[in-house]
Amino acid sequence: METTVENYHCLQTDAAWGADTGLAGLGWTVQKNSERSEFGAHCYYVASPLVAEALAMREAVQKCRELGIQRLRCETDSGLLVKAITSRKPSPELYGIISDIVALISEFELIQFRWIPREKNKAVDALAKKALRLELLY
């Protein structure tokens with residue numbers, strides 16, 4: 001049975017990946033009550049969509065730590081990513097990124113990782129695609 005987290009910030013992450021360029025656009029939102037902040041970034045030399053998803057989560061969790069957030073529910077539409085983080089048994093391609101995320105986890109009072117359906121992640125998907133498009137223009 002899953003515990004309910006109260007008085008928390010909700011983090012949603014997603015990534016867009018260009019197979020031909022190896023470039024990834026990362027997007028995430030942080031929301032508490034009606035206050036919502038949007039973020040985007042990009043990474044070069046990304047090997048797969050799953051690696052891009054993991055990079056987005058790592059960047060987003062790091063940003064939440066920088067913002068001083070202590071209670072966090074992390075949501076992504078990548079079930080494989082949630083499994084890799086919660087089991088702490090990532091595939092070799094994710095090992096370093098998941099290790100970074102696990103190291104960050106200890107800095108939070110409470111942190112939870114959940115899978116959400118893709119249709120609940122559309123706004124963050126748009127941020128990731130925008131970050132990818134903007135970098136491709138340069």
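**Charges, helices and a buried aspartate**

A: A search of the whole structure finds eight salt bridges, a salt bridge being a side-chain nitrogen of Lys or Arg within 4 Å of a carboxyl oxygen of Asp or Glu. This is a predicted model, so local features need pLDDT of at least 70 and side-chain atom pairs count only at pLDDT 80 or more, while totals for chains, interfaces and linings use all residues. Residues are numbered from 1 along each chain as its sequence is written, and side-chain values use heavy atoms, with hydrogens and water left out.

Q: How far apart in helix α1 are K63 and E66, whose side chains meet in a salt bridge?
A: Side chains of opposite charge can pair when their charged atoms come close. For K63 and E66 the N to O distance is 3.7 Å. They are three residues apart in helix α1, so about one helical turn separates them. Helices here are DSSP runs of H or I with at least four residues, and strands are runs of E with at least two, numbered from the N terminus. K63 is partly exposed, with a relative accessible area of 25%, whereas E66 counts as exposed at 51%. The cut-offs are these: buried is under 20% relative accessible area, exposed is over 50%, and partly exposed lies in between (1.4 Å probe, protein chains only).

Q: Which residue forms a salt bridge with R65?
A: The partner is E107, and the closest N and O atoms are 3.0 Å apart. This pair links distant parts of the chain, 42 residues apart: R65 sits in helix α1, and E107 in the loop between α3 (95-105) and β5 (110-115). R65 is partly exposed, with a relative accessible area of 32%, and E107 is also classed as partly exposed, at 37%.

Q: Which residues are linked with R58 in a network of salt bridges?
A: The network joins R58 with E59 and D100. Between R58 and E59, the closest N and O atoms are 3.8 Å apart. E59 is partly exposed, with a relative accessible area of 29%.

Q: Where does D77 lie, and which residues does it touch?
A: D77 is in the loop between β4 (71-76) and α2 (79-87). Contact means heavy atoms within 4.5 Å. Not counting residues up to four places away in sequence, D77 touches D14, E53, W115, I116, P117, R118 and N121.

Q: Is T76 buried or exposed?
A: T76 lies in strand β4 and is buried, with a relative accessible area of 1%. Leaving aside neighbours within four places in sequence, its contacts include T13, E53, M57, L81 and W115.

Q: At what angle do α1 and α2 pack?
A: For such a pair, axes are lines fitted to C-alpha atoms, for helices over the stretch in contact, and angles run from 0 to 180 degrees between N-to-C directions. Helix α1 (residues 49-66) and α2 pack at an angle of about 60°, with their axes 10 Å apart. They are therefore oblique to each other; under 35 degrees would count as roughly parallel, over 145 as roughly antiparallel, 65 to 115 as roughly perpendicular, and the rest as oblique.

Q: Which residues in α1 meet residues in α2?
A: From α1 come L50, E53, A54 and M57, and they meet L80, L81 and I85 in α2.

Q: Where is N33, and what is its phi?
A: N33 is in the loop between β2 (23-32) and β3 (35-43). Its phi is positive, about 55°, although N33 is not a glycine. N33 is exposed, with a relative accessible area of 69%.

Q: Where is Y45 found?
A: Y45 is in the loop between β3 and α1. Y45 has a positive phi of about 60° and is not a glycine. At 81% relative accessibility, Y45 counts as exposed.
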